[in-house]
Amino acid sequence: MLKEQGVQVTQATLSRDLKALKITKVANDLGNYMYIIPDSNELQDSMLMKGQKSLAGSSQFGFVSLEYSGNLAVIKTRNGYATGLAYDIDMSHSHVVLGTIAGADTVFVLLREGISREESNEFFARFIPVEAPE
């Protein structure tokens with residue numbers, strides 16, 4: 001594809017550049033592979049630590065669902081998106097969250113005791129689209 005676009009590069013150079021850019025190859029929902037560019041650079045990290053919205057806006061592109069069980073929030077994403085979302089949540093250093101555990105398509109978020117659904121939904125709205133309860 002690069003050659004078709006007029007870009008001349010060796011496989012070794014391309015691999016080295018992809019590694020330097022921290023671009024990750026992950027399986028998608030169809031069983032194919034795709035490359036993910038990390039969006040958590042120093043500017044993004046500093047914004048998250050200050051409680052501002054991410055550069056991507058108020059939604060994480062692979063978001064599927066959010067459900068609660070006690071003080072545990074379970075966020076489902078498309079395959080390959082959970083790690084980045086968990087990282088963004090962790091980098092916020094919010095008093096709402098004790099920590100996260102991410103898989104390929106699921107993020108477990110341990111919320112502090114006594115955090116209301118309203119407060120946690122307000123927090124998560126910085127990262128994912130959260131619908132207001134009816």
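Author: Here you go. Helix α3 (residues 82-91) has Ala82, Leu85, Ala86, Asp88, Ile89 and Met91 as its buried residues. Bear in mind that this is a predicted model, where local features need pLDDT of at least 70, side-chain atom pairs count only at pLDDT 80 or more, and totals for chains, interfaces and linings use all residues. Residues are numbered from 1 along each chain as its sequence is written, and side-chain values use heavy atoms, with hydrogens and water left out.

Reader: Why is Ala86 called buried?

Author: Buried means under 20% relative accessible area, exposed over 50% and partly exposed in between, with a 1.4 Å probe and protein chains only. Ala86 has 4% relative accessibility, so it counts as buried.

Reader: Which residues does Ala86 touch?

Author: Leaving out residues up to four places away in sequence, Ala86 touches Thr100, Ala102 and Val107; contact means heavy atoms within 4.5 Å. The C-alpha atoms of Ala86 and Thr100 are 6.0 Å apart, with the two residues 14 apart along the chain.

Reader: What makes a set of residues a nonpolar core?

Author: The set has to be buried Ala, Val, Leu, Ile, Met, Phe, Trp, Tyr and Cys residues joined through side-chain atoms within 4.5 Å. The largest one has 17 residues, and Ile75, Ile89, Val109 and Phe124 have the most contacts inside it. Two or more residues come from each of β4 (72-77), α3, β6 (106-111) and α4 (117-124), and α3 gives the most, with four. Ile89 touches Ile75, Val97, Thr100, Val109, Phe123, Phe124 and Phe127, not counting residues up to four places away in sequence.

Reader: How do you know that the buried residues of α4 line one face?

Author: Those buried residues are Ser120, Asn121, Phe123 and Phe124. Seen down the axis of α4, they fall within an arc of 160°, so they line one face of the helix. That arc is taken from the directions from the helix axis to the C-beta atoms. On the other side of α4, Glu118 and Glu122 are exposed.

Reader: What covers the buried residues of α4?

Author: The cover includes β3 (63-69), β4, α3, β5 (97-102) and β6.
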